[in-house]
Amino acid sequence: EAWPVRAKVWRFLAEAAMRIAQGRFDEALSVAEAGLVFARSNGLVYPMAFLTRYTIIAELALGRLDNALRRSREEIDAECRWRGRALEFTLGTHAEVLTRQGRGAEARLALAEFFEASRRSGWHRFGQCGSAYVELAFHEQRHSSAATLLGYARAAGWGTDQRRRCAELLAELETVLDAETLDRLLARGEALDEEAVCALTL
């Protein structure tokens with residue numbers, strides 16, 4: 001109770017992240033939602049974006065795609081109101097949701113917006129959405145591109161949720177590409193720079 005308000009809100013973030021890492025998504029969702037209530041009641045706008053990302057990660061893991069999409073759209077609207085544009089990782093999260101739903105045209109637009117925001121910020125969080133790049137290519141049946149992008153995403157190594165999704169995408173690619181080809185494309189992807197990833201994704 002004696003902790004400063006900002007320390008308390010970051011504790012919610014840390015606990016939600018830990019629950020996600022443990023694969024305890026119902027608990028992660030509950031903690032992140034409690035953190036959102038706390039942050040909102042104390043006027044802490046910036047942490048709300050991070051907490052919303054954790055709720056979306058949990059919703060995706062639980063198969064609640066419509067909820068994840070609603071949350072991502074609401075967060076984009078909120079950030080546009082308080083800072084004039086959405087944070088880059090919010091844009092990336094939105095693109096992840098769209099690719100997971102197979103909404104290719106919308107996902108392409110969202111990824112293009114995320115890529116531009118990433119350029120402006122020096123690619124700071126570009127790797128955190130690597131599975132979305134793979135997913136778009138896979139849904140479009142560009143399997144060689146998907147495998148190459150998976151090589152990049154696995155090398156970027158952002159977070160347990162990304163690693164978990166990459167493992168699932170690898171299993172899907174193993175059904176359409178032979179092992180030698182897949183290994184070669186994965187190795188190629190590890191050497192890609194950010195601009196090459198953008199070009200190959202889109």
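Tutor: Helix H2 (residues 25–41) has 17 residues, which at 1.5 Å a residue should span 24 Å, and its end C-alpha atoms are 24 Å apart, so the two agree; the expected span is 1.5 Å times one less than the number of residues, and helices are DSSP runs of H or I with at least four residues, strands being runs of E with at least two, numbered from the N terminus. This is a predicted model, in which local features need pLDDT of at least 70 and side-chain atom pairs count only at pLDDT 80 or more, while totals for chains, interfaces and linings use all residues. Residues are numbered from 1 along each chain as its sequence is written, and side-chain values use heavy atoms, with hydrogens and water left out.

Within H2, Phe25, Ala28, Leu29, Val31, Ala32, Gly35, Leu36, Phe38 and Ala39 are buried, that is, under 20% relative accessible area with a 1.4 Å probe, protein chains only. These buried residues pack against helix H1 (5–21), helix H3 (45–61), helix H4 (65–83) and helix H9 (159–173), where contact means heavy atoms within 4.5 Å. After H2 comes Gly43, with a positive phi near 70°.

As for the setting, the protein chain has 11 helices and zero strands. Of its 202 residues, 48% count as buried, and among contacts in the protein chain with a separation of 6 or more, 65% come from residues 24 or more positions apart. The C-alpha trace of the protein chain spans about 60 × 35 × 30 Å along its principal axes.

Terms used
Buried means under 20% relative accessible area, exposed over 50%, partly exposed in between (1.4 Å probe, protein chains only).
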